[in-house]
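I open these notes with the model on screen and set down what I looked up, entry by entry.

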Amino acid sequence: MEKLPNSLGLYKAPKDTRVVVAMSGGVDSSVTAALLHEEGYDVVGVTLQLYDYGAAVSKSKTCCAGQDIYDAKKVADAHGFPHYVLNYESNFRESVIDDFADSYMRGETPIPCVKCNQSVKFRDLLEMAKDLGADCMATGHYIKRTTDETGRAQLHRAHDHGKDQSYFLFATTQEQLDFLRFPLGGWSKDKTRAEAQRLGLLTADKPDSQDICFVPHGDYARVVKKIRPDAEDPGEIVHMDGRVLGRHEGIIHYTIGQRKGLGIGGGISDNNEPFYVIAINTAEKQVIVGPKAALARDLLHVKDCNWLGSDGTHTDRFITVQTKFRSVMTPVPARLLQKENGTAEIHLDSPQYGISPGQAAVIYEGDRLLGGGWITGAEKNMNARSAA
Amino acid sequence: MAQNTYLDYNATAPLRPEALAALRDALMAPHNASSIHSFGRMGRQIIETARARVAALCSAAPAQIIFNSGASEGNNTVIAHFTNQRILLSAIEHPSVMEAVKACTQNFALIPVTKEGVIDLTALEILLQSEPAALVCVMAVNNETGIIQPINEISRLAHKYGALYHCDGVQAAGRIALDIAASGIDFLTLSAHKIGGPQGTGALVLGLCGLTPHFIFGGQQEKGARAGTENVAGIAGFGAAAQAVLAYKGSAKNLAVLQTRLETEIQRHAPSAIIYGLNALRVAGTTLFSVPGISAETALMALDLDGVAISSGSACSSGRVEASQTLKAMGVEKNHASCAIRVSMGWATTPEDVEAFLSSWRKLCIRLEGKIKAHA
């Protein structure tokens, strides 16, 4: 046994430390793998074949994910570590794509990346890594992992807040986290690109991926429609006061908080205020619109919570936290009340707008990620503070 | 990662030294066997020497050998000759037969196999009786299981009902005695690289039916049956490998000993192991088995990381692991089929290779003990 831990926090020489690196074919995970290999670790690169890009939008079978797999393989070959492709198409379909479509059908706004991390990457792939005798698994996510004095792993927002991916990793369990490593958590994207250049990676100049990986050109409606053909049932656009303002071509085209593209003329009310989507009534296939003020919410209900650094038992008292309910927002102050059955209430200090069921409410204490849950509902409850 | 134990002969065998020497010699000069000058004549001589050697491998006359690029071409050549005619093929054929048939005719039927992976002769006869077929395609030895098919009975039945018999002999060559005339095979296809010859070379061996299927047009090479400048070096290597196979006929016995050791140990490490075709006739050195709980994917990677090369059923071109068609046809349940891995040995396999496999395998079984127990 080594006296000092290696850079992955394990008391082993790098050459005796097997680390499976989840390689997407992009620059971040390429750098992660190549760096660890350079440090002398027993690196095993794995790329997941998750979906058939062509089949997502049409009936023809093509494979555009093929380029990313090819790139990952080339990086591994160039640096001389083994690389494998795992076909997780059926797991991904069951755990991520179907859920994505169903969520839209319920009038929600899903986050498939969380589901993918939660199931395919950190459940199935992580299990495979353990089966291969790996000591840990590394990814190219921008999130910081530290350990406390007892050796317990914690997650913190990435050093580069603009790149921080903690929102998408809130559902990582303590057990998964103990096995995971995120070597880029303390880096900026510029540093990663510079390292990619230094390492001579062919992925060094690859653009960042923007969209949801299985949704070509951001056209999610097309993907949902293919899986759930009734997704485009038309219906009414109704004002909160009951007036029918127009018709729509399927609730999947609407998200709570949406202002543009409502398809009701100028989209403004009598007193010149723009309309926003306030709610989606899936049973009546109605899109409910109203003024921005009607979007204000300060009490969020969440379910299926994951808490890091606590044993998961609920407490009866509020704790002061910050929360994010969209990946690109600055955390806002709130008070958290953990409840039974993995649910919780999040009381926002000031009302927020455009909170949609299906999204995650992620909880922070400063930069530390405490966990979070899936939003089931949100309400305006000005008395919440006194109820506490 | 050390890569020093090769146990994937059914995918491709290491090049025999005799084949390498013949290849190298043939590549030393520009031999176009169609040219009349001395270089050309030398090329012709190399080809004809190889032709006699390959013919000897299947007890044929040299004139029956048409050299080509390998068995995938050979299978396509034969099947294309029967375009739009009725073809019966076994449910365990190689994709180069299966897909070629689907591309050439809509009028085909699959001949089922028994649970033991052997062609169901009764079913074949019923199929032949119910509607006349032009061609019957059944391989001599299955690539995944190593199970030997009753080719004499198949050809007898095919001929009884007026059909011709095409036999993919890729995995049989060099492992069991092949006698094209005695077995009544009308078309036999071979690949050099499975017997220690070079890749990209093979032969279509014509039987007694007298038909010569054409596939590539544009030249008089190979009696006009296969256009294109001959792959002189490849053919030379093929011939040398064929000769070496016949010179070391006793090697199957050694492989049988290694295989017994392998299978005994596999069953000892995990009593839940299923060895496919255990009660059927198999060629020595091919073992397809599952240990429920250890997926083929995991096993392949774990062994590869220890420097041991094996395969899961038939390799997929993209490197993806897919469930075996052969096991599906044998009625093996999906959960077991997805765990099937193949160890295949050949001319250069040593006891040390088997021990290297077993040592890595033992490690994996210990690591996945919980999963094996949960699935037993």
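Which strands of chain B does helix α9 (residues 251-269) lie across, and at about what angle does it run to β10(B)? I find that α9 of chain B lies across β9, β10 and β12 of chain B and runs at about 10 degrees to β10(B); axes here are lines fitted to C-alpha atoms, for helices over the stretch in contact, and angles run from 0 to 180 degrees between N-to-C directions. I take contact to mean that the C-beta atoms of two residues, placed from the backbone, lie within 7 Å, and I take helices (H or I, at least four residues) and strands (E, at least two) as DSSP runs, numbered from the N terminus.

I note that this is a predicted model, in which local features need pLDDT of at least 70 and side-chain atom pairs count only at pLDDT 80 or more, whereas totals for chains, interfaces and linings use all residues. Residues are numbered from 1 along each chain as its sequence is written, while chains are lettered from A and ligands numbered from 1 in the order in which they are written.

**Sheet in chain B.** I looked up the strand order and found an open sheet of three strands, β9-β10-β12 of chain B, with antiparallel pairing; two strands pair if DSSP finds at least two bridges between them. Its edge strands are β9 (274-275) and β12 (340-344) of chain B, each of which pairs on one side only. Between β9(B) and β10 (residues 286-290) of chain B I find two bridges in the antiparallel sense, and Ile274(B) stands opposite Ser290(B) in β10(B).

**Where the chains touch.** I find 11 residues of chain A in contact with 12 residues of chain B. On the chain B side, helix α10 (residues 296-305) gives the most, with six residues. That side of chain B divides into six nonpolar, two polar and four charged residues, where Ala, Val, Leu, Ile, Met, Phe, Trp, Tyr, Cys and Pro count as nonpolar, Asp, Glu, Lys and Arg as charged, and the others, Gly among them, as polar.

**Burial.** Of the 388 residues in chain A, 44% are buried. Ala374(B), which I found in helix α14 (residues 369-375) of chain B, has 10 C-beta neighbours inside 10 Å and therefore counts as exposed.

Methods: Buried ≥ 20, exposed ≤ 12 C-beta atoms within 10 Å, placed from the backbone.
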